[in-house]
Amino acid sequence: MIYFGLGSNLGDKEKNIAKALALISERVGKILALSSFYETEPWGYTSSKTYLNAVAGVETNLQPEEVLHATQEIERIMGRTKKTINRDYHDRVIDIDILLYEDLILQTPELTIPHPLIHQRTFVLQPLSEIAPDAVHPLLGKTMAELYGSIRKK
């Protein structure tokens with residue numbers, strides 16, 4: 001199972017996430033789990049626009065790099081032209097992050113799995129622990145529920 005983090009803070013946010021999910025279903029694989037939608041403040045930068053975030057669990061036959069290219073293409077189709085570089089965050093129609101790919105640990109110039117900031121982001125851990133509380137972070141050895149409990153205490 002792959003877990004994707006989805007976020008939008010421009011336009012019709014719910015519609016944007018729904019469209020991204022439809023395209024993921026079409027191009028990546030079957031969606032087996034979907035969290036609730038959470039409204040959150042921007043993380044890592046200042047904006048007057050709040051985000052809508054969700055996490056989806058997807059079954060796929062694609063390799064990690066193929067998944068990355070498919071999600072980047074979905075972002076382009078939906079109008080996202082600017083990717084985050086060196087944590088220079090900005091408003092976006094859609095953002096699709098690969099959070100976990102089964103228990104895979106991967107680090108290439110193009111892709112890092114698990115996503116390196118999962119354990120720092122409430123907007124990821126809350127929906128992820130909703131649909132996969134027992135999924136274990138392959139580097140940290142803790143479940144998503146444990147990580148979410150830790151970040152909530154801060």
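The questions below concern a predicted model.

Q: Why is strand 4 (residues 51–60) called largely enclosed by the rest of the structure?
A: A residue counts as buried under 20% relative accessible area. Nine of the 10 residues of strand 4 are buried, so the strand is largely enclosed.

Q: What makes strand 1 (residues 2–8) and strand 4 a pair?
A: Pairing needs at least two bridges between the strands. Strand 1 and strand 4 have seven bridges, in the antiparallel sense. Within strand 4, A56 stands opposite F4.

Q: How do you know that strand 2 (residues 29–34) pairs with strand 4?
A: The cut-off is at least two bridges. Five bridges link strand 2 and strand 4, and the sense is antiparallel. The bridge partner of G29 in strand 4 is T60.

Q: What makes strand 3 (residues 38–40) a partner of strand 4?
A: Again, at least two bridges are needed. Three bridges join strand 3 to strand 4, and the two run antiparallel. T40 stands opposite Y51 of strand 4.

Q: Why is L139 called exposed?
A: Exposed means over 50% relative accessible area. L139 has 56%, so the residue is exposed. L139 is found in the loop between helix 3 (122–131) and helix 4 (144–152).

Q: Which residues make the nonpolar surface patch of about 290 Å²?
A: I105, L139 and L140 make this patch. Patch residues need over 30% relative accessible area. L139, at 56%, is therefore over that cut-off.

Note on methods
Residues numbered from 1 in each chain as written. Predicted model: local features only at pLDDT ≥ 70, side-chain atom pairs only at ≥ 80, totals over all residues. Heavy atoms only, no water. Buried < 20%, exposed > 50% of the residue type's maximum accessible area, 1.4 Å probe, protein only. Helix = DSSP H or I, 4+ residues; strand = E, 2+ residues; numbered from the N terminus. Patch = residues over 30% accessible without salt bridge, like charges linked within 9 Å, V, L, I, M, F, W, Y side chains within 5 Å. Areas by Shrake-Rupley, 256 points an atom, 1.4 Å probe, with all protein chains shown as cover. Salt bridge = Lys/Arg side-chain N within 4 Å of Asp/Glu carboxyl O.
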